[in-house]
Amino acid sequence: GAVSGAGSYVGGIAGRVQNTCNGDYTATFSNNKNTAAVVGNGNYVGGLIGYQGSTGYSSYPTRYAGLIVSSCQNTGAVSGKNYTGGIVGYAELLQKLSASVNSADVGGADYVGGYIGKAADAEVDLITNGGGVTVTGRGYVGGIAGYIGAIKNSTNNGAVVSIAVIIEESESRAYLGGLAGYATGITNCTNNGDITEVNVGRYVGGIVGYLSLYNNAAVDGNVNNGAVSGAGSYVGGIAGRVQNTCNGDYTATFSNNKNTAAVVGNGNYVGGLIGYQGSTGYSSYPTRYAKLTVSACVNSGAVTGGNYVAGILAYGAYAEKSGSVWATNGNSGLISGTGPSGPLYADLA
C-alpha cells in the first residue's frame, strides 16, 4: 500500500527503527519488501526504513547497538527531502547492508541514495541499483548512497542527477557519484549509468564524488561505463576528489581502476579517473602528509575540461611521482583542456 507522510520519519516498513539494549547486541532487518510509493514531505524517508537510531547500553551509556540489513527489496518510488533512500533514509548505527535490490526512482534534496541517504560508518556489499532507475537530489547524491562508509562488490545501473548545489565553506558543492556522493572506501564496484550535474558544484565522479581515504586504504577494481558530466570543477571518471587522511606514515593505493566513458567538466581539475588528489597533515606532524600511489589504471574515454585535464589524474598534490609507477597506467582517450593537460597527469605538486 502507498505510504504518504505529511512530515518526517516515513518508511514503507517502518518510519523509525530504534535499537535498545543492555549488552553487545546487533539487531537484524532481513527479507523485507516494499512495492508501493513512499512519499514524505519532510526528512528521513526510506523505501523500507525512514530513520534508524540506537540507545546506549544501560551499563555502558557510550556504547550502542547496531543494525544489519540484508536481502531486502524496494520496487516503489521514494521521494522526500533530506536523507532519502530506496532502502534507508538515515542510519545512525547501520553496520552493514547487503544482498538487497532497489529498482525504483528515488528523489530528494540533500543526502539522497538509491539505497541509503546517509549512514556514515556503514558497509555496503553485494547490492544492485536497477537499470531505468533515476536518483535525483541536490548535494550528497549517489546511485547507492549519498553519504556512506565503504562500498564493495556493488553496481549502479541507473542515472544519477544533481539538480542544485549546496554551500559548504563558501563553496558550491554537489558531491555526486554513480555509487556514492561521499564515501571512505570503494572496491570492485561498477557504474553503468550516466552522471549529470547541472549546476556549478564541485566533486562529481563516475563512482564517487568525494573519496576520503584513511591510512593505507586501497581503492581497487572499480569500473565506470557511464558518461560523467560536471558543470563545475573536480570531476573524474572514478572520483572527483580523493583526499588522504592519516595519523602516521601511510600511503593509500589506487589500482586496477578503469574508465571507458566520456568525462566532461566545465571547470578545472578534470581526470579520466581522478580530478584532484589532496592530503590532510598528520595530527602529530601537521607538516607531513599521506601519499597516494596510482597504478595499473586505464582510461579510454575522452576527457574535456579547463585547467588541469588528464587521462588518469588531473592534479596530484601528494601523489607518488615515480616514473616506473606511472608507466603501469594507460590512456587512449582524447584529452582536451584550456590549460595544463597530459595523457596521464597534468601536474604533480
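Which residues is Ile151 in contact with, leaving aside its neighbours within four places in sequence? In this predicted model, the contacts of Ile151 (contact being heavy atoms within 4.5 Å) are Val124, Ile144, Leu179, Ala180, Gly185, Ile186, Thr187 and Cys189. Local features were taken at pLDDT of at least 70 and side-chain atom pairs at pLDDT 80 or more, whereas totals for chains, interfaces and linings use all residues. Residues are numbered from 1 along each chain as its sequence is written, and side-chain values use heavy atoms, with hydrogens and water left out.

Helices (H or I, at least four residues) and strands (E, at least two) are DSSP runs numbered from the N terminus.

An open sheet is formed by 11 strands with parallel pairing, in the order E1-E6-E11-E16-E20-E24-E30-E35-E40-E45-E49. Strand E1 (3-5) and strand E49 (335-337) are at the edges and each has a single partner strand, so one side of each is left without a neighbour in the sheet. Pairing requires that DSSP finds at least two bridges between two strands. E49 runs parallel to strand E45 (residues 303-305), to which it is joined by 3 bridges. Gly305 has Gly337 of E49 as its bridge partner.

Asn257 is placed in the loop between strand E38 (251-255) and strand E39 (258-259). The residue is buried, with a relative accessible area of 1%. Its side chain makes polar contacts, defined as pairs of N or O atoms within 3.5 Å; within protein, one atom must be able to donate a hydrogen and the other to accept it, and residues adjacent in sequence count only if both atoms are side-chain atoms. The side chain of Asn257 reaches the backbone nitrogen of Gly221 at 3.5 Å, and a polar atom of this side chain lies 3.0 Å from the backbone oxygen of Ser255. Not counting residues up to four places away in sequence, Asn257 touches Val219, Asp220, Gly221, Asn222, Ile238, Leu273, Ala296, Cys297 and Val298.

A search of the whole structure finds 0 disulfides (pairs of cysteine sulfur atoms within 2.5 Å). For Cys72, the nearest cysteine sulfur is that of Cys189, 19 Å away. Cys72 counts as buried at 3% relative accessibility. Cys297 likewise is in no disulfide, and its nearest cysteine sulfur, that of Cys189, is 15 Å away. At 0% relative accessibility, Cys297 is buried.

Most residues other than glycine have a negative phi. Ser170 has a positive phi near 65° and lies in the loop between strand E25 (166-168) and strand E26 (171-177). Ser170 is exposed, with a relative accessible area of 76%. Tyr269 also has a positive phi, about 60°, and is located in the loop between strand E40 (263-265) and strand E41 (270-271). Tyr269 is buried, with a relative accessible area of 18%.

Note on methods. Buried means under 20% relative accessible area, exposed over 50%, partly exposed in between (1.4 Å probe, protein chains only).
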